[in-house]
Amino acid sequence: MAANVAGPTRLEDVKKLWVRWVALTLLVIVLGLVMVRLGEWQLHRLSGRREANEIIRTNENKRPVEWSTLMGQHPVTAQEQWRPATITGTFDTAHELQVRYRSNGDDEGSEVVTPIVTKDGQHVLIDRGFLKRSSTTGDNQALPPAPSGTVTITGRVKGNEHGKPTATDPVRGKVRLINSDAIGKAQGITYVNGYITATSMAPAQSGLVPLELPELDDGPHLSYAIQWFCFTAIAVIGLFVLIRGDVKDRQKRRAKANRISAPKESETTETRTTTK
């Protein structure tokens, strides 16, 4: 009778273990695929950042060219980003915007974008510079005035920034992203695609700081990718360790059960011998 009970019990235990192992294996496979994909995504971002850094290094030291040779109705290309350019015209301060939630180096604050109108009537957005956030009024401070009359600006060409309409559409003279198409639609003005970040202008302005170039490093992407791949390896190794532990525990239980049953079988045999 004991043998008959032990047989089904052992089969049930083995079945439970296999169900547990299959479920854990499927879970690790799913998690592993997700984590590997996240690691590959970080490597893709690393590659993109390195390409962007190389463009900046290549373009930042080039001689300034006339803005119209880089900008027009077509979107600014990746190879045209950060190219130095010059533009001459008069500022249209009536359509000036404050670009909030920006940073420049270690400082937090906003940027001031003022359209410039060229001699031939072209409207171009000019990022005049950075305004550090006030410790008392925050970003709700008076914007430094733009120079009046004819102004010549040297700066870097930038492509439109993209995001949700809540970030690109100006509201009461404020906006979060610089997108010439969205700003032009809201103001009823046709702007040249992209914008220019000013590095200098004549006559000079005051109260604003030129924008720094972004840090030309790899960022955290490589370390993040390594972390995701390590998490994948840990999950796989953990699965094998857990299965190995289950097998060892089962072997110990079987050995213990055998030690307990062995004396009983010996006693039964002796009893039968004595009876005979």
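Select Arg20 and Asp246. Their side chains meet in a salt bridge, 2.8 Å from N to O. The pair links distant parts of the chain. Arg20 sits in helix H1, while Asp246 sits in helix H4 (residues 221-275), 226 residues apart. Keep in mind that this is a predicted model.

Now color the two by accessibility. Which of them is buried, and which is partly exposed? Asp246 is buried, with a relative accessible area of 12%. Arg20 is partly exposed, at 39%.

Stay on helix H1, which covers residues 2-60. Pick Leu26, found in this helix. Together with Leu26 they form a nonpolar patch on the surface. The accessible area of the patch is about 530 Å².

Back to charged pairs. The whole structure holds 10 salt bridges. Next, select Asp139 and Arg100. They form a salt bridge, with the closest N and O atoms 3.9 Å apart. Asp139 lies in the loop between strand S5 (123-132) and strand S6 (150-158), and Arg100 lies in strand S3 (residues 97-104), so the pair ties together parts that are 39 residues apart in sequence. Asp139 is buried, with a relative accessible area of 5%. Arg100 counts as partly exposed, at 22%.

Salt bridges that share partners join Arg100, Arg133 and Asp139 into one network.

Then move to Arg102 and Glu111. Here the side chains meet in a salt bridge of 3.1 Å, N to O. Are these two residues buried or exposed? Both Arg102 and Glu111 are buried.

Next stop: the nonpolar interior. In soluble globular proteins, nonpolar side chains tend to be buried together. Select Trp67, Met71, Ile87, Phe91, Val124, Ile126 and Ile153. These have the most contacts inside the largest nonpolar core, which has 18 residues. Which elements give two or more residues to this core? They are strand S2 (84-91), S5, S6 and strand S8 (191-202). S8 gives the most, with 4 residues.

Zoom in on Trp67. Leaving out residues up to four places away in sequence, Trp67 touches Ala85, Thr86, Ile87, Thr118, Gln122, Val124, Val192 and Ile196.

For the last stop, select Val99, Leu125, Ile183 and Tyr191. They are among the 10 residues of another core, which lies apart from the largest one.

Definitions and conventions: Residues numbered from 1 in each chain as written. Predicted model: local features only at pLDDT ≥ 70, side-chain atom pairs only at ≥ 80, totals over all residues. Heavy atoms only, no water. Patch = residues over 30% accessible without salt bridge, like charges linked within 9 Å, V, L, I, M, F, W, Y side chains within 5 Å. Areas by Shrake-Rupley, 256 points an atom, 1.4 Å probe, with all protein chains shown as cover. Salt bridge = Lys/Arg side-chain N within 4 Å of Asp/Glu carboxyl O. Buried < 20%, exposed > 50% of the residue type's maximum accessible area, 1.4 Å probe, protein only. Core = buried A, V, L, I, M, F, W, Y, C linked by side-chain atoms within 4.5 Å. Contact = heavy atoms within 4.5 Å.
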